[in-house]
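Open the model in your viewer and keep the selection tool at hand. The stops below follow one another, each starting with something to select.

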Amino acid sequence: MSTPQEVTPLPAIAQNGLVGPEQFTFLADMIPQLVWITDQNGFHTYFNQRWTNFTGYVLADSVGPDMWNNLLHPDDRARAREVWGHSLATGDDYNIEYRFKAKDGSYRWFLGQALPRRSEDGQIIAWFGTCTDIQEQRQMRDQLEAAYSDLEAKVMFRTLDLEREVKQLREAAGK
């Protein structure tokens, strides 16, 4: 029979659900995601240091639709605008894959996710979001899809070869 493990009490700050600005900034800068916050209307009020390091944009440069048009891959802009607009209009969670331009001009795939923070009466007061780099996963998925397509083609051609051989054998056997 196992004995219960001793539980270390949480500091008062964690028990009350309160985190100070220094702890929040430390956490937001330490996790491997680009972190952002918007107001209820989708206006960005915060980006973590990883955002700045990746995009080269500081908060003052990162507000407004032009920044997003400059950072999002042209093929992803309309879809991103539609998905974000839907979340803002409905309060539904935000979830999308898109490509962001790095400060060196290259693009990388990210998984963008956000949840609304609501007031006690249910009104959205802010959105908390992250962008997680999924470039390697996308490359692996593309490689797997290409390998699967190649395998399907090989199976199809081998099946046609076998059908041709069977037909030739039947003809040779006089059937």
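**Stop 1**

Select Glu165, which is partly exposed because its relative accessible area is 35% (buried means under 20%, exposed over 50%, partly exposed in between, with a 1.4 Å probe and protein chains only). Arg158 and Glu165 form a salt bridge whose closest N and O atoms are 4.0 Å apart; the term stands for a side-chain nitrogen of Lys or Arg within 4 Å of a carboxyl oxygen of Asp or Glu.

Before moving on, note that this is a predicted model, in which local features need pLDDT of at least 70 and side-chain atom pairs count only at pLDDT 80 or more, while totals for chains, interfaces and linings use all residues. Residues are numbered from 1 along each chain as its sequence is written, and side-chain values use heavy atoms, with hydrogens and water left out.

**Stop 2**

For one of them, select Asp76 and Arg99, whose closest N and O atoms are 2.8 Å apart. Asp76 lies in the loop between helix 4 and helix 5 (77-90) and Arg99 in strand 3 (residues 94-101), so this pair ties together parts that are 23 residues apart in sequence. Helices (H or I, at least four residues) and strands (E, at least two) are DSSP runs, numbered from the N terminus. Asp76 is buried at 3% relative accessibility, and Arg99 is buried at 18%.

Now select Arg138 and Glu97, a salt bridge with its closest N and O atoms 2.5 Å apart. Arg138 belongs to helix 6 (residues 135-173) and Glu97 to strand 3, so the pair links parts 41 residues apart in sequence. Arg138 is buried at 15%, whereas Glu97 is partly exposed at 27%.

**Stop 3: the end of helix 3**

Select Thr55, in helix 3 (residues 49-55). Is Thr55 buried or exposed? Thr55 counts as buried because its relative accessible area is 5%. Its side chain reaches the backbone oxygen of Trp51 at 2.8 Å and the backbone nitrogen of Tyr57 at 3.0 Å. Leaving out residues up to four places away in sequence, Thr55 touches Leu71, Lys101 and Lys103 (contact means heavy atoms within 4.5 Å).

**Stop 4**

Finish with Val63, in the loop between helix 3 and helix 4 (65-71). Val63 is partly exposed, with a relative accessible area of 30%.

Key: Polar contact = N/O pair within 3.5 Å; in protein donor to acceptor, adjacent residues only side chain to side chain.
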